[in-house]
Amino acid sequence: MTRDWHVRVYAWLARVLLPSWLHARVGHDLVGTFADRVRDARTAGERRREIARELAGLVRIAIASRLSPRRKPTGSVAIAERPWSPIEVFRQDLKFGVRAMRRSRGTAGLVVLTLALGVGASSAMFSIIRTVLLRPLPFDRPEQLVFVHPTLEEWRTNPSLSSEWQLGRFSPPELRTWLERQKSFDAAGGYSVWRARVPRATGSERIQVGNATSGFWRALRVRAALGRLPLASEAKEPVAVLTHAFWVSHFGSDATIVGKTFRLNDSPVRVIGVLPSTFALVDASADLWQPYEPPSNDKELNNHMLLAVGRLREGVSLAHAEQELAPILRRLAAADPKHITHGAHLVAPVAQATAKIRVPLLILSGASLVLLVAACANVALLLLGAGAERLCELAVRQALGAKKSRIVGQLLTESVVLGVGGAIAGMFVAAAVTRVLVAIMPGGIPRLDDVRVDLTTFLLASLLAIATAIVAGCFPALSLSRVSAGESLRAGATTQGRGRLQHAIVIAELALATVLLVGAGLLTRTLAVLQRVQPGFDPTGVVAVQLNLPWDRFYPPNGNTDSSRARAAVFIAKIADEVRSIPGVSSVALASDMPFSDDRGTSSVQPEGYTPAKGEVVNAARRFVTGAYFDLLRIRPVQGRVVGPADTRPGAERVMVVTDAFARHFWPDGRWLDRTVGLWGESYRVVGVIADTHEHDLRGDEDRYKVYMPTRSGDEAADNILVRTPMDPALVVPVLRDRIWRADASIVIEDVMPLSERLARSLTDDRYRMRLMVAFSIAAGCFALFGVYGVISRSVVRRRRELGLRVALGAPRSSILSLVLGDAARIAVAGVAIGTIAALLASRVLASIVWGVPPSDPVSFAVAGIALLAVAVIAAAIPARRATRVEPMIVMRN
Amino acid sequence: MPAREPRSATALPTLSYYILLALGESAAHGWEIIRRIRTLTDGAANPSSGSLYLAMTRLEDDGLISGHASPAGEDERRRYYHLTAAGRAAARAESQRLARLVRQARAVDLLQEPRP
């Protein structure tokens with residue numbers, strides 16, 4: 001006998017599954033017969049069928065032989081009645097259930113579909129939550145890891161500061177002192193992420209380079225997957241550790257990479273190791289890491305650039321670590337009067353990285369939970385309806401002597417089959433929905449790539465679905481006990497009680513749909529309002545180019561800063577000229593910060609005559625722009641004038657344009673003209689005020705105070721190019737790229753795109769939430785539609801006699817129609833009313849992502865209410881028409 | 001799959017009856033019995049090895065069939081089964097019961113009724 005793999009599998013299964021007495025007795029023959037059978041199969045298809053049949057048979061007898069007690073040999077002819085074994089009963093029930101389902105294919109299909117949608121959508125949402133918000137970081141004992149932020153108490157509450165200021169950073173000397181003196185942490189280190197460039201076939205590519213002290217690696221307890229991590233002594237060496245992703249994408253997973261060199265910012269860097277693929281710091285997405293130690297000769301305390309992470313010592317609390325840090329930094333500050341760091345602010349890593357997305361994600365998953373409940377309600381309705389129709393059949397079975405336990409068992413089996421079917425279909429839906437959600441989710445969410453359908457979540461949702469199916473499916477058994485068989489069999493038996501329950505469920509469904517629909521309405525309105533927000537400039541016809549100049553070339557180490565700036569300015573001017581010569585470009589302007597980009601240059605300013613409150617940090621977003629800037633963006637002064645080309649000439653007076661918010665806040669007396677503002681040790685005369693602009697966020701910038709100054713060769717380089725063209729901006733984009741690279745191939749060009757597209761991109765999050773909520777509410781609306789249809793059509797069937805009687809007594813068909821539609825309308829009004837109250841409560845939760853619309857926005861509520869009333873009437877229309885067609889004679893005769 | 005017969009006090013489970021019938025002509029081993037049952041029922045019954053052997057252990061326990069070693073030249077650990085006298089009697093009783101039913105069916109003109 002050839003022992004093929006399937007024979008081996010069968011033999012193994014027989015040994016594992018069968019009770020030992022049975023296996024000892026027939027195991028060998030069983031396997032032999034199986035082998036014969038498979039060998040004799042004529043076609044591959046038949047062979048497959050036979051194997052399947054045999055495996056099923058094996059499982060069946062494995063269960064059957066355990067369930068029915070082992071019978072002793074009697075030695076006599078025993079053809080006495082044998083009670084059915086539970087397995088046989090189950091099989092019978094299953095067979096009957098499948099047959100019954102085939103008869104009412106529509107209901108079964110709808111139940112499975114509804115469950116699949118509910119289970120799928122909610123598992124997908126919760127899988128994302130679990131991965132993004134709840135899963136611990138991929139580090140050893142991640143609960144011990146904290147980020148350390150030295151921050152002024154005043155900063156944390158100052159509304160004029162952006163969130164970056166509230167999560168403060170260390171300056172190099174602060175970090176060095178703290179690392180030397182702290183005792184709360186087993187290990188701690190500082191890091192920062194910078195832009196750098198690597199050459200590509202054409203032009204250059206920008207990458208992120210992380211600089212980390214050796215304590216950083218010790219704190220995270222990371223080991224290199226290949227090679228090693230940098231040592232503290234290597235701080236000045238040109239070496240790098242690659243992240244796994246960068247190693248794969250840029251070096252083709254070269255296993256011999258360690259020791260090789262590549263060019264980073266024009267200079268060679270040696271690879272000493274590769275990080276494991278699991279390494280991912282929540283907020284620092286560097287492509288490679290280089291060693292760094294704060295140099296001991298660096299005394300500049302205000303250069304806050306280093307983030308810090310530490311591993312708390314066993315038993316040390318966050319508060320204790322904070323208390324320890326504060327005096328260390330205060331002592332340093334005492335030595336330098338200009339120094340401004342006190343206290344500390346510690347945050348657990350995951351909480352920090354996900355704080356911004358936590359609320360929207362929780363809201364969306366709440367919505368998906370509502371959808372799951374609505375789906376369960378719908379399933380309950382469908383099964384209750386189907387159960388009512390079967391009441392007669394069950395009564396017949398009972399009358400013929402079926403035990404109640406048998407009938408319940410039958411119903412249970414059917415419900416389980418439906419529930420499990422729904423759950424399995426839900427698995428596919430969950431996988432698909434997860435993939436779609438991840439694909440369309442806006443960027444910047446940590447660990448999104450790791451999201452997989454979470455088994456626990458899926459099982460919980462499935463359990464809820466199956467439980468609903470069981471409860472609703474077995475409901476008819478309840479009325480069997482209450483109603484005698486004869487009563488149920490009598491025609492026209494009322495099922496008033498269940499009718500009420502079904503109404504209640506439909507009302508609940510409508511209420512849930514109302515909540516989701518109101519949510520969708522609020523988010524849609526938010527997006528509409530945001531799209532109408534005037535940013536304070538005209539983005540149409542403008543193309544924005546962010547350059548990343550090879551700064552290292554202009555700023556050689558130990559070089560003269562002023563002459564470096566001058567060289568950079570000449571270089572940029574050359575590129576601007578190149579761009580200006582492109583046909584179809586009507587004007588070109590340069591700016592230090594690009595609207596709707598990551599650029600957020602802010603500086604401390606000294607407005608003349610303004611005395612800051614104690615601890616107040618007077619900050620403003622600063623923009624260095626060329627003379628054409630205001631004209632190009634069509635920004636007009638509300639008072640005074642804007643900066644013009646004349647102001648950028650060498651030797652021209654230093655002037656400044658401020659925003660309305662700035663002028664109002666610092667000079668409430670309105671006498672802003674010719675006052676001066678100090679910035680970086682220079683004094684600027686204010687010549688004009690412009691209306692407030694939105695340059696980062698259409699909801700309103702965090703930095704409301706902005707100042708604009710003409711750029712000159714000594715100032716911060718304005719390396720963003722704005723181009724206005726009367727043509728389609730998209731046509732100019734490729735030419736721009738070409739011309740800039742012609743000027744210098746080492747420039748990294750990022751995100752060349754029409755400015756209006758940048759604006760639209762800033763609304764990605766809002767658009768995503770809106771779409772998801774709309775999808776959820778449409779699904780809930782469909783459930784409500786099915787629900788109302790089912791309940792009304794069943795009530796029409798139930799009331800056929802009554803309706804027939806009315807028609808016979810001369811009721812006009814229109815009154816029958818309004819009778820039925822009135823029923824539906826009553827249900828809908830109740831559902832919408834309850835839903836409105838629930839939505840009013842829920843909209844408070846939504847308030848954080850709704851903008852420009854009051855959470856109790858009457859339009860959203862009205863639209864949701866009207867839509868669902870319409871849904872109810874449409875759903876009732878078909879049964880209502882059927883009701884008007886009731887032929888009194890036929891009904892009465894039956 | 002054969003429709004399960006209603007169980008009266010004298011009815012044998014269908015599969016058991018098939019097995020007895022199959023062993024009526026001569027002793028056989030598992031695969032041979034399955035093939036005979038298939039021929040017997042025009043392929044309508046096609047029990048899995050598992051079902052077959054579970055039923056056969058019961059028949060053997062009841063003394064209706066008995067297993068013995070395989071003839072020379074075959075896998076010697078494999079068992080052949082044959083009908084016992086009791087088995088023969090049981091098969092005969094069941095066949096008579098069915099025959100009675102068939103006679104009755106013919107009497108009330110139910111035999112011609114086409115069955116899918």
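Buried means under 20% relative accessible area, exposed means over 50%, and partly exposed lies in between, with a 1.4 Å probe and protein chains only. This is a predicted model, in which local features need pLDDT of at least 70 and side-chain atom pairs count only at pLDDT 80 or more, while totals for chains, interfaces and linings use all residues. Residues are numbered from 1 along each chain as its sequence is written, chains are lettered from A and ligands numbered from 1 in the order in which they are written, and side-chain values use heavy atoms, with hydrogens and water left out.

Q: What share of the residues in chain A is buried?
A: Of the 894 residues in chain A, 51% are buried.

Q: Which strands pair with β16(A), and in which sense, parallel or antiparallel?
A: Two strands pair if DSSP finds at least two bridges between them. Strand β18 (residues 682-690) of chain A runs parallel to β16(A) and is joined to it by 5 bridges; A:Val658 stands opposite A:Val689 there. Strand β19 (residues 706-710) of chain A pairs with β16(A) in the antiparallel sense over 2 bridges, and A:Tyr708 is the bridge partner of A:Val657.

Q: Why is the contact between A:Asp823 and A:Arg799 called a salt bridge?
A: A salt bridge needs a side-chain nitrogen of Lys or Arg within 4 Å of a carboxyl oxygen of Asp or Glu. The closest N and O atoms of A:Asp823 and A:Arg799 are 2.8 Å apart, so the pair qualifies. A:Asp823 lies in helix α26 (residues 813-846) and A:Arg799 in the loop between α24 (764-798) and α25 (800-808), so the pair ties together parts 24 residues apart in sequence.

Q: Is A:Asp823 buried or partly exposed, and what about A:Arg799?
A: A:Asp823 has 17% relative accessibility and therefore counts as buried. A:Arg799, with 22%, is partly exposed.

Q: What makes B:Arg36 and B:Glu32 a salt bridge, and how far apart are they along the helix?
A: Their side chains meet at 3.4 Å, N to O. The two are 4 residues apart in helix α2 (residues 30-40) of chain B, about one helical turn. B:Arg36 is buried at 12%, while B:Glu32 is partly exposed at 24%. Salt bridges that share partners join both to A:Asp36, A:Arg39, A:Asp40 and B:Arg35 in one network.
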